[in-house]
Amino acid sequence: MAQIPHKKPRLAIDGVLLLDKPVGLSSNDALIRAKRLLCAKKAGHTGTLDPFATGLLPLCFGEATKFSQDLLDADKTYETVLHLGLTTATGDTEGAIIATRAVAVTREQIEAVLPRFRGDIQQVPPMYSALKRDGKPLYEYARAGITLEREARPVTIHLLEFVDYHAPYLRLRVSCSKGTYIRVLGEEIGEALGCGAHLQALRRTQVGHLVLSRSITMEALEGLSEQQRQALLAPVDALLSSFPAISLNDDLARRFLHGQRLALGKEQLVLPETLGRFRVYRESDGQLLGSAHLQEYGILAPERLIATAAS
């Protein structure tokens, strides 16, 4: 009788993997492959990259998944190549070409147009997007030939920088708020230049404080041992590095992990000068306990707690 292959048990690992996502792979497929390679029990990503895009995709494992929303809300930085003169149905290389126009654009004209798109702008989400209407993503309507009205949404372009131009290819660097569609930005810049455009390439280089230079490719990850892969994981607090820190003694740490609000002012502790979100540690061993809001009168209110910190 043939033996049933033994299935390797999943591991309860905590941390963040900075993956350099390749072209052609969806964010969810990248997550599934990385989760299998690390043999992890629990995993999640921090916002999708389109299949045609490459670059930084932070993947969260175990307790780090509790803080993935912070990266969803974080600013992002991209490098992109616009193909001037060609407009596609999707705004990128995935869609059919729907218009072709001559390109007679100079660098001076480009530099004159870019300031219009810096700062706070309004942007209409594209039909080829995962935003939902009546429970169905917009791209399903688009594939059926249906165009729906969409309201413009406010986004912020912190940086829009000219990098290089060899007609018809224009390379730009963009730093922007959450919810910004670089495809739409590229199309609008193309229209402002009078020739139209679509994204030929898109590469994400930064998410919050996390940078592409510290990432690993899927190919390199597959070439490592399981132990080497786990050693690549950044600690959970890599997701919270922008928050100031508070350390608690063992008694306060225990109460904090039970979800209790702490009156730090009555504990005769030296309180930070600012209020807001903090990362919280146990003083005796430096263990991250979670995140919290420091409120008026020195009240520390737990927000998200690390379950493994109690052990």
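Tutor: Let us begin with D285, which is partly exposed, having a relative accessible area of 48%, and let us keep in mind that this is a predicted model.

Student: Which residue does the side chain of D285 meet in a salt bridge?

Tutor: The general idea is to look for a side-chain nitrogen of Lys or Arg within 4 Å of a carboxyl oxygen of Asp or Glu. Here the side chains of D285 and R282 form such a bridge, at 3.2 Å from N to O, and R282 counts as buried because its relative accessibility is 12%, where buried means under 20%.

Student: How many salt bridges does the structure hold?

Tutor: There are 15 salt bridges in the structure. One of them joins the side chains of D50 and R183, with 3.4 Å from N to O. That pair links distant parts of the chain, 133 residues apart, since D50 lies in the loop between strand 2 (43–45) and strand 3 (54–61), while R183 belongs to helix 5 (residues 182–192).

Student: Are D50 and R183 buried or partly exposed?

Tutor: D50 is partly exposed at 28% relative accessibility, whereas R183 is buried, with a relative accessible area of 7%.

Student: Where in the chain do D70 and R304 lie?

Tutor: The side chains of D70 and R304 meet in a salt bridge of 3.3 Å, N to O, and this pair also links distant parts of the chain, with D70 in helix 2 (residues 68–72) and R304 in strand 19 (residues 299–305), 234 residues apart. D70 is buried, at 13% relative accessible area, and R304 is partly exposed at 22%.

Student: Which residues are linked with D70 and R304 in a network of salt bridges?

Tutor: The network links D70 and R304 with R277 and E303.

Terms used:
Residues numbered from 1 in each chain as written. Predicted model: local features only at pLDDT ≥ 70, side-chain atom pairs only at ≥ 80, totals over all residues. Heavy atoms only, no water. Helix = DSSP H or I, 4+ residues; strand = E, 2+ residues; numbered from the N terminus. Buried < 20%, exposed > 50% of the residue type's maximum accessible area, 1.4 Å probe, protein only.
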